[in-house]
Amino acid sequence: MPLRAHLVELRRRVFLAALGVAVGAVVGWFVYDPVFSALQRPLRVVADDRDGLIALNFAGVATSFDMRLKVSFFLGVLVSSPWWLYHLWAFITPGLTRKERGYAVGFLAAAVPLFLAGSAIAWWVLPNAVAILTEFTPDGATNLIDAQTYLSFVMRMILAFGLAFLLPVIMVALNLAGLVRARTWARGWRWAVLLAFVFSAVMTPTPDAITMIVLALPICVLYFAALGLAYLHDRRVDARRVEQGLPRLDGTEPAAASDVPRTGA
């Protein structure tokens, strides 16, 4: 296809994807009340346990309307994700080989459940995080939390955990692309474990170590699982190159036939 045809196709795919997000946002508008009730449930639990007033504050005439628009749009993106992911796939798939299409489908099939798993863990941790952070409110004081700030806090937490669980997908993708060898990932395993625990400690501001360990262990397991897949891929690539008489990707030369020790009578 010429460049102009590519641009026309891109415009059509973007328009259809945006249309799907708009339809999803309409659905999100009608389910806003139960979703927002679930968002503020951790604050209600904390307020019931304490004498001080802790609640969301809508500071402004149009703040509540703006909040509904943001939540509806966010829900629209989630609800319509199969639709706009399909159009993204339909735009790039004509330029891929059959093998590359298989890799892309595998990455997408792994990325979606991993992202949802990380988001689910963030949602599970959210009540404890809210309880700990609001504990610093002095007795008899009122803690009116800005609704926009609270929504941003929740969304950042969910996205941070979702993206953290995408680490193995990124590792395998870089390995399959030939950019990073498994040996390179293996050399930094200590730093990876340390960063996993630091990330869990920062994102779960709770005083107990159990919550931090529960969150850090899945990240470490996913890291080593991706490392194992990268090792298997490197071994297949090196074996294929040795059969072709080429040096391995780590720079070592294949053994010559005359150098192989022979055994026998």
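1. Helices here are DSSP runs of H or I with at least four residues, strands are runs of E with at least two, and both are numbered from the N terminus. Ser-72 sits in helix H3, residues 63–79.

2. The model is predicted: local features need pLDDT of at least 70, side-chain atom pairs count only at pLDDT 80 or more, and totals for chains, interfaces and linings use all residues. Residues are numbered from 1 along each chain as its sequence is written, and side-chain values use heavy atoms, with hydrogens and water left out.

3. The chain has 10 helices and two strands, in the order α-α-β-α-α-α-β-α-α-α-α-α. Of its 265 residues, 32% are buried (under 20% relative accessible area; exposed is over 50%, partly exposed in between; 1.4 Å probe, protein chains only).

4. Ser-72 has a relative accessible area of 2% and is therefore buried. A polar atom of the Ser-72 side chain lies 2.7 Å from the backbone oxygen of Arg-68. Apart from neighbours within four places in sequence, Ser-72 is in contact (heavy atoms within 4.5 Å) with Gly-24, Ala-25, Gly-28 and Trp-29.

5. Phe-30 belongs to helix H1, residues 3–30. Its relative accessible area is 65%, so Phe-30 is exposed.

6. Among contacts between residues at least 6 apart in sequence, 75% join residues at least 24 apart.

How values were computed:
A polar contact is a pair of N or O atoms within 3.5 Å; within protein, one must be able to donate a hydrogen and the other to accept it, and residues adjacent in sequence count only if both atoms are side-chain atoms.
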